[in-house]
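Please open the structure in your viewer and keep the selection panel at hand. The tour moves from one selection to the next, and at each stop it says what is there.

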Amino acid sequence: GRESDINIVKNSIESYPDFPKPGVLFRDIFSLMKNPKALEALNKLILEEVENMVPKPDVIIGLESRGFLFGPLISLQTRIPFVPIRKKGKLPGQVNKQTYELEYGTDTVEIQSDAIQQGQNILIVDDLLATGGTLQAACKLVSQLGAHVKKCIVVMELLDLNGRRSVDAPIHSIVQY
Ligand code: PRP
Ligand code: ADE
């Protein structure tokens, strides 16, 4: 059932203290990928959440790079087109940009300007919600193009950082720490 799917997902994610720097407890999504039963459980949980959306989203956006693990997987099963948001300088053609705050300094993400259309309903997927800076920058890119973020799905939510507070869209997390 759902509870045991959530447990197998949570138990398959390994944590690494002080990576990539002191004080950070790194939650490694790739450890889950070593266990196909855990990946299957996670896929079911995400798919169920997407299939409950009314109306069905027009586009699934995945955030570089770990959002690319799940976006295309869900796209394939739902037949909803997949679109990437990438770090600056990686996407060809005309792009829209959004800069956001990191712990030290700033970063910029981009979307191809013709990738989504005005008025479309968008689902955003990523592996993890920390401060929410990345997800909020993605939400701003979607609204720059006149589309609407109907939901964000993340595998993991770090509750201490209260990233949810910084994001202007409903967020569903599969597991919380
Ligand atoms: C990580 C993670 C999220 C983001 C969350 O990505 O995959 O996208 O940080 O942090 P935030 O909520 O504080 O913005 P990262 O920028 O490390 O890039 P990567 O996926 O390419 O490793
Ligand atoms: N991205 C931001 N914070 C993270 C963490 N604690 N584990 C994995 N990825 C992250």
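Begin by selecting Leu-129 together with Glu-157, which is the bridge partner of Leu-129 in strand S8. While you look at this pair, keep in mind that the model is a predicted one. From here, follow the chain from S7 through helix H5, residues 133-144, to S8, and you will have traced a β-α-β crossover that is right-handed. If you now select the whole of S8, residues 148-157, you can see that S7 and S8 pair in the parallel sense, over 8 bridges.

Next, turn to S3, which covers residues 59-63 and pairs with S7, again in the parallel sense, over 4 bridges. To find one place where these strands meet, select Gly-62 and then Val-125, its bridge partner in S7.

Moving on from S3, select S4, residues 82-87, which pairs with S3 in the parallel sense over 4 bridges. Here Ile-61 has Val-83 as its bridge partner in S4.

Now show the sheet as a whole, in which 7 strands follow the order S5-S6-S4-S3-S7-S8-S9, forming an open sheet with mixed pairing. At its edges stand S5 (95-101) and S9 (171-176), and because each has a single partner strand, one side of each is left without a neighbour in the sheet. If you look along the sheet, neighbouring strands are turned against each other by 20 degrees on average, with direction ignored.

For the last stop, select ligand 1, which has 15 residues around it, the nearest being Ser-65, Ala-130, Thr-131, Gly-133 and Thr-134. Which elements give two or more residues to this shell? They are S7 and H5, and S7 gives the most, with 4 residues. If you colour the shell around ligand 1 by class, you will find 5 nonpolar, 6 polar and 4 charged residues.

Technical notes: Residues are numbered from 1 along each chain as its sequence is written. Chains are lettered from A and ligands numbered from 1 in the order in which they are written. This is a predicted model: local features need pLDDT of at least 70, side-chain atom pairs count only at pLDDT 80 or more; totals for chains, interfaces and linings use all residues. Two strands pair if DSSP finds at least two bridges between them. A crossover is right-handed if, with the strands pointing away from the viewer, the path from the first strand over the helix to the second runs clockwise. A residue is near a molecule or strand if its C-beta atom, placed from the backbone, lies within 6 Å of it. Ala, Val, Leu, Ile, Met, Phe, Trp, Tyr, Cys and Pro count as nonpolar, Asp, Glu, Lys and Arg as charged, and the others, Gly among them, as polar. Axes are lines fitted to C-alpha atoms, for helices over the stretch in contact, and angles run from 0 to 180 degrees between N-to-C directions.
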